[in-house]
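Reader: I am new to structure files. Could you show me how to read one, feature by feature?

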Amino acid sequence: MLSVPCPYCGPRDETEFVNGGEGHVDRPVPPEAVGDADWAAYLFFHDNPKGHLRERWLHAFGCRRWFHAIRSTADHAIALTYPIDAKPDFPA
Amino acid sequence: MSRNYSALALLRGALGGNRNWDQAWRSPEPRAHYDAVIVGGGGHGLATAYHLAKTHGMTNVAVLEKGWIGGGNTGRNTTIVRSDYYYPQSAAFFNHSVSLYEKLSRELNFNIMFSQRGMLTVAHSRGEVDFQRRLVNGMALNGIDMEMVTPDQARKLCPIMNFGPEARYPILGGMLQRRAGTVRHDAVVWGYARAADRVGVDIIQNCGVTGIDRDPASGAVTGVQTTRGAIGCGKLGVAVAGHSTMLADMAGFRLPLRSYALQAFVSEPLKPVLDVVASSALLGVYVSQSDKGGLVIGGNADAYASYAQRGNIPTAEAVSAALVEFIPSFSRVKMLRQWAGIVDYAHDSSPVLGLSPVPGLYLNCGWGGGGFKAIPAGGETFAHTIATGTPHPLITAFSLDRFRDLALVDEAAAAGIEH
Ligand SMILES: Cc1cc2nc3c(=O)[nH]c(=O)nc-3n(C[C@H](O)[C@H](O)[C@H](O)COP(=O)(O)OP(=O)(O)OC[C@H]3O[C@@H](n4cnc5c(N)ncnc54)[C@H](O)[C@@H]3O)c2cc1C
Ligand SMILES: [Zn+2]
């Protein structure tokens, strides 16, 4: 069982959380100026590293708040969690 | 000793104490250059190499496998072969694949043990029955042998399912594909490997690809860097399932794929209790019984991106709970083994096949949790694509460009469970 450190509640079992996929995928603007290739990049062509990935998580059965986590896809270890509106450097 | 497998060869082998069998395939040293290199010694890579040599006369071909052949998803899957796909493009491709499987033992001179025992997918609500009826009618229009079954027929097909009054999810019917069934996964790997070797393909194991070389001017592929040195190639086919984006990273482009762990479970051997593949999309579980008697159980993929080939406990727990709800008498069965493979999903749960942005580099990926059934057709069409440089007509709908063009083949909405 993965222990997920919620930035608000501390470490909790992963069954309390919902993984929200990759974080920091910014919607391109303005929409009328965005071409097909850029929309496709935004919607579909994401990062899939074997290593650290920045993700969104929801503490669904806890404080019900969204936050970010930097998690390794190789061994699932979570290196850092931080608020939804932040983007700290990593490694710091 | 004859190189063909037959009852007579078995007898002769037995009389000789089984000491005189030839190696099924060679383990050659890699050459400096091949006309085509296939990365990935799973079913798709091996079948592709076989067809390149056999059908297209390209015999200077190598398959590079970082571990052992079949050590990826092809050797980890739950071996369900079916073609109950909803969209016409998928139906044409997967039905062709099932037809090829029906002839594959003879084609490869290797018994792949295709057991067409039928696959029953049950429905637990009026809504699900209506949805299945829509699927079955759609599939029938595409020429797939699908039929609806009533609760009574479902009970006859598989009486051990939960028909009790206490069932939280009552079984109100289901859909059945009689041609579906199971295939021995290792036999597919070994059969294709042996057949490819016999038409001249070099199968090189313990040879991981670590880099892709490109011509600085044209950008075209010129070779690969591997753990066994540099190997030049004219064309490069990539069939590495959950590791596809890593190969794309090496070549400098992105794929619309994410890698997840998908788990499976095998129980202790039981007396025969289950002679169909039984599946419930709502519960998230499917199960069949192998010839050795073990129950082979699968469910949904783990909940987050992963390259860890082991799987997480919450998913294992969810699949076990689903199995007990589905077939309560299995509650006392002990599990022997649990494992996971890394599967690559596109947003529409359809494969990504054909050309890549890099000249000379071809893609066979995005199979997610369902590409074992696709191996014979995948190999045939990928070999055509590599040999001719033009996507085979059966795979044009699965091009990488479909994401830019929003021409998705949204099987994700139609299937509801991996396998
Ligand atoms: C638990 C589970 C259950 C499944 N159940 C079913 C099912 O019932 N029916 C069905 O149709 N499908 C099923 N699937 C999906 C199916 O197994 C796959 O889609 C299929 O096997 C993919 O075949 P492949 O040859 O593309 O990939 P693989 O068999 O995974 O082969 C890819 C190979 O590439 C190698 N490789 C990776 N990176 C490199 C590198 N850098 N250099 C060299 N080699 C490399 C790997 O070692 C691997 O051997 C299941 C999958 C899993 C994990
Ligand atoms: Zn919290």
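This is a predicted model: local features need pLDDT of at least 70, side-chain atom pairs count only at pLDDT 80 or more; totals for chains, interfaces and linings use all residues.

Reader: Which atoms coordinate the zinc ion (ligand 2)?

Author: First, the idea of a donor. Donors are N, O and S atoms within 2.8 Å of the metal (3.2 Å for Na, K and Ca); water is not among the atoms, so sites may look incomplete. Here the donors are A:C6 (SG), A:C9 (SG), A:H59 (ND1) and A:C63 (SG), at 2.0 to 2.3 Å. Their spacing in sequence is C-x2-C-x49-H-x3-C.

Reader: What does the pair A:C9 and A:C63 tie together?

Author: You need the naming of elements here. Helices (H or I, at least four residues) and strands (E, at least two) are DSSP runs, numbered from the N terminus. A:C9 sits in the loop between β1 (3-6) and β2 (10-13) of chain A, and A:C63 in the loop between β4 (52-58) and β5 (66-72) of chain A, so the pair ties together parts that are 54 residues apart in sequence.

Reader: What is the geometry of the zinc ion (ligand 2) site?

Author: Look at the angles. Four donors count as tetrahedral if all angles lie between 85 and 135 degrees. The ideal tetrahedral angle for four donors is 109.5 degrees. This zinc ion (ligand 2) has angles of 103 to 116° among its four donor atoms, and its site is tetrahedral.

Reader: Are A:C9 and A:C63 buried, exposed or partly exposed?

Author: Buried means under 20%, exposed over 50%, and partly exposed in between (1.4 Å probe, protein chains only). A:C9 is partly exposed because its relative accessibility is 29%. A:C63, at 26%, is partly exposed too.

Reader: Now ligand 1. Which residues come nearest to ligand 1?

Author: A residue is near a molecule if one of its heavy atoms lies within 4 Å of it. There are 39 residues around ligand 1, and B:E65, B:N73, B:T74, B:T78 and B:K373 come nearest.

Reader: Which backbone atoms lie close enough to ligand 1 for a polar contact?

Author: A polar contact is a pair of N or O atoms within 3.5 Å; within protein, one must be able to donate a hydrogen and the other to accept it, and residues adjacent in sequence count only if both atoms are side-chain atoms. A polar backbone atom of B:K66 is 3.1 Å from a nitrogen atom of ligand 1. For B:G369, a backbone N or O atom lies 3.1 Å from a nitrogen atom of the ligand.

Reader: What does UniProt place at residues 37-80 of chain B?

Author: Treat a record with care. UniProt positions are given in the numbering used here, feature names are shortened, and annotations may be inferred rather than shown by experiment. An unreviewed UniProt entry places "domain: Rhodanese" there. In the model, that span is 27% helix and 18% strand, and its end C-alpha atoms lie 29 Å apart.

Reader: How do I read one residue, say B:S259?

Author: Ask where it sits, then what it meets. B:S259 is in strand β12 (residues 258-267) of chain B. At 1% relative accessibility, B:S259 is buried. Its side chain makes a polar contact of 3.0 Å with the side chain of A:N48. The side chain of B:S259 also reaches the backbone oxygen of B:G242, at 2.7 Å.

Reader: Where is B:D84, and which side chain does B:D84 contact?

Author: B:D84 lies in the loop between β3 (80-81) and α3 (88-108) of chain B. The polar contact is with the side chain of B:R82, at 2.5 Å. B:D84 is buried, at 11% relative accessibility.

Reader: Which peptide bonds in chain A are cis?

Author: Check omega. The bond from A:V29 to A:P30 is cis, with omega near -10°. The bond from A:F90 to A:P91 is cis as well, with omega near -10°. A:P30 is in the loop between β3 (18-22) and α1 (36-43) of chain A.

Reader: What is phi at B:T79?

Author: Phi of B:T79 is positive, about 65°, although B:T79 is not a glycine. B:T79 is buried, with a relative accessible area of 13%.

How values were computed: Residues are numbered from 1 along each chain as its sequence is written. Chains are lettered from A and ligands numbered from 1 in the order in which they are written. Side-chain values use heavy atoms; hydrogens and water are left out. Four donors count as tetrahedral if all angles lie between 85 and 135 degrees; four count as square planar and six as octahedral if opposite donors are over 155 degrees apart and all others between 65 and 115; anything else is irregular.
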